[in-house]
Amino acid sequence: MERKFEQVMSDTIREFSGRTFSSEEIELIKWTRKTYPKLSRTELAKTICEFIGWTTPAGVAKRLQCMAFLEQLETEGILQLPPKTESRKKGKTKKETDLDQAITFKEIHGEVREFEPIQLSIVRPGKEMARWRAYINRYHMLKYKSVFGSRLQYFVKAGDTELGCLQFSASSWALAERDKWIGWTIDDRKARLNLIVNNSRFLIFPWIHIKNLASKTLSLVAKQIQDDWLREYCYAPVLMETFVDLAHFKGTCYKAANWIYLGETKGRGRMDINKKYALSKKAIFMYPLQRDFKACLKGEKPYKVVLPE
């Protein structure tokens, strides 16, 4: 077993979550684990992110991606991670239960113009995020799941009244129809995949019956998400994507908001490297955030960034 953990990696470049790793970096990861044996898994991932510069454009360590990569290396017998700490028992805490029970609703009907201005409010950590998660867990078919990388959650609001929830997060690693439509190379995709954001959750509360609210919400997103992302993460995306499960929805609001239909997925998850095709097929929709988005994605034109002082 000891020999297995001490095996030397080949010089072949490894890839994970859009990043390439040299054999020297793998050896650095192994050295870090051996040199700092008392670090927890979380502390180890943060330390490695610092050593190899695995961060977002805003300089935030990609801890979750690093943790997943370390677990893959452990599976392959390349290193042995610290034991996992005991997680809390599954099920809701009293705080979560109280919050869930506190969610009340009043049926609201009308035309979207009657509730103007509709606003999108970024959800902040703390009570807002706890409430956002409670809504998603109760009323969205996919529930809440932790996501890798940069993300923004929104409340859809009319005044102080919350009408729905949105989430934008990392885009799909490989998507044949999208990649062909953009016309970029594999190297282009590796370098600039972060310029595409995925509308991974969209919920209008079931007691809200406001005509055209969903398409209005998507129109507002298109106008403000670049500025929001630039402010939060120091760069602006140029394209939005989403997937609609046609077994449950028709994608009407995306069509009404002029999103572009590209076809259907092949039924694979975003990290399905083994091509097991375990998921249902979904309709693919795209929305460009600027006219020259393809040139930006192919590296022919610059995209908006905030440079460090």
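## Overall make-up

The chain of this predicted model contains 11 helices and 11 strands, and of its 309 residues 43% are buried. When contacts between residues at least 6 apart in sequence are considered, 68% of them join residues at least 24 apart. The accessible surface of the chain is about 17,800 Å², and carbon and sulfur atoms account for 52% of that area.

## Isoleucine 284 in strand S11

Isoleucine 284 belongs to strand S11, which spans residues 283–288, and it counts as buried because its relative accessibility is 0%, where the cut-off for a buried residue is under 20%. Leaving aside residues up to four places away in sequence, isoleucine 284 touches Leu175, Glu177, Thr242, Phe243, Ile260, Tyr261, Leu262, Gly263, Glu264 and Thr265. Valine 244 is 40 residues from isoleucine 284 in sequence, yet the C-alpha atoms of the two residues are 6.7 Å apart in space.

## Aromatic pairs and a cluster

A search of the whole structure gives 19 aromatic pairs. In one of them, the ring centres of tyrosine 135 and phenylalanine 155 are 6.1 Å apart and the ring planes stand at 85°, so this pair is edge-to-face. The pair links distant parts of the chain, with tyrosine 135 in helix H6 (residues 127–139) and phenylalanine 155 in strand S5 (residues 152–158), 20 residues apart. Tyrosine 135 and phenylalanine 155 are both buried.

The rings of tyrosine 139 and tryptophan 207 also form an edge-to-face pair, because their centres are 5.2 Å apart and their planes are at 75°. This pair, too, links distant parts of the chain: tyrosine 139 is in helix H6, whereas tryptophan 207 is in the loop between strand S7 (196–204) and strand S8 (208–211), 68 residues apart. Tyrosine 139 is partly exposed, with 24% relative accessible area, while tryptophan 207, at 5% relative accessibility, is buried. Elsewhere, one aromatic cluster is formed by Phe202, Tyr254, Trp259, Tyr261, Phe285 and Tyr287; of these, Tyr261 is also among the residues touched by isoleucine 284.

## Charged ends over aromatic rings

Arginine 19 places its charged end over the ring of phenylalanine 21, at 4.8 Å from the ring centre. Likewise, the charged end of arginine 189 sits over the ring of tryptophan 173, 4.7 Å from its centre.

## Salt bridges

Side chains of opposite charge can pair when their charged atoms come close, and the structure holds 13 salt bridges. One of them joins the side chains of lysine 30 and glutamate 27, with an N to O distance of 3.4 Å. Because lysine 30 and glutamate 27 are three residues apart in helix H2 (residues 23–35), about one helical turn separates them. Lysine 30 is buried, with a relative accessible area of 12%, whereas glutamate 27, at 31%, counts as partly exposed.

Glutamate 71 and arginine 41 form another salt bridge, in which the closest N and O atoms are 3.7 Å apart. Since glutamate 71 lies in helix H4 (residues 63–75) and arginine 41 in helix H3 (residues 41–52), the pair ties together parts that are 30 residues apart in sequence. Glutamate 71 is partly exposed, with a relative accessible area of 30%, and arginine 41 is buried, with a relative accessible area of 13%.

## Arginine 189 and its partners

Besides sitting over the ring of tryptophan 173 with its charged end, arginine 189 meets aspartate 179 in a salt bridge between side chains (3.2 Å, N to O). The pair links distant parts of the chain, arginine 189 being in helix H8 (residues 186–192) and aspartate 179 in helix H7 (residues 176–182), 10 residues apart.

## A nonpolar surface patch

Trp31, Tyr36 and Phe51 make a nonpolar surface patch of about 310 Å². Tyrosine 36 is located in the loop between H2 and H3, and with a relative accessible area of 35% it is partly exposed.

Conventions:
Residues numbered from 1 in each chain as written. Predicted model: local features only at pLDDT ≥ 70, side-chain atom pairs only at ≥ 80, totals over all residues. Heavy atoms only, no water. Helix = DSSP H or I, 4+ residues; strand = E, 2+ residues; numbered from the N terminus. Buried < 20%, exposed > 50% of the residue type's maximum accessible area, 1.4 Å probe, protein only. Contact = heavy atoms within 4.5 Å. Phe/Tyr/Trp six-rings, centres within 6.5 Å; stacked < 30°, edge-to-face > 60°. Lys NZ or Arg CZ within 6 Å of the ring centre and 35° of its normal. Salt bridge = Lys/Arg side-chain N within 4 Å of Asp/Glu carboxyl O. Patch = residues over 30% accessible without salt bridge, like charges linked within 9 Å, V, L, I, M, F, W, Y side chains within 5 Å. Areas by Shrake-Rupley, 256 points an atom, 1.4 Å probe, with all protein chains shown as cover.
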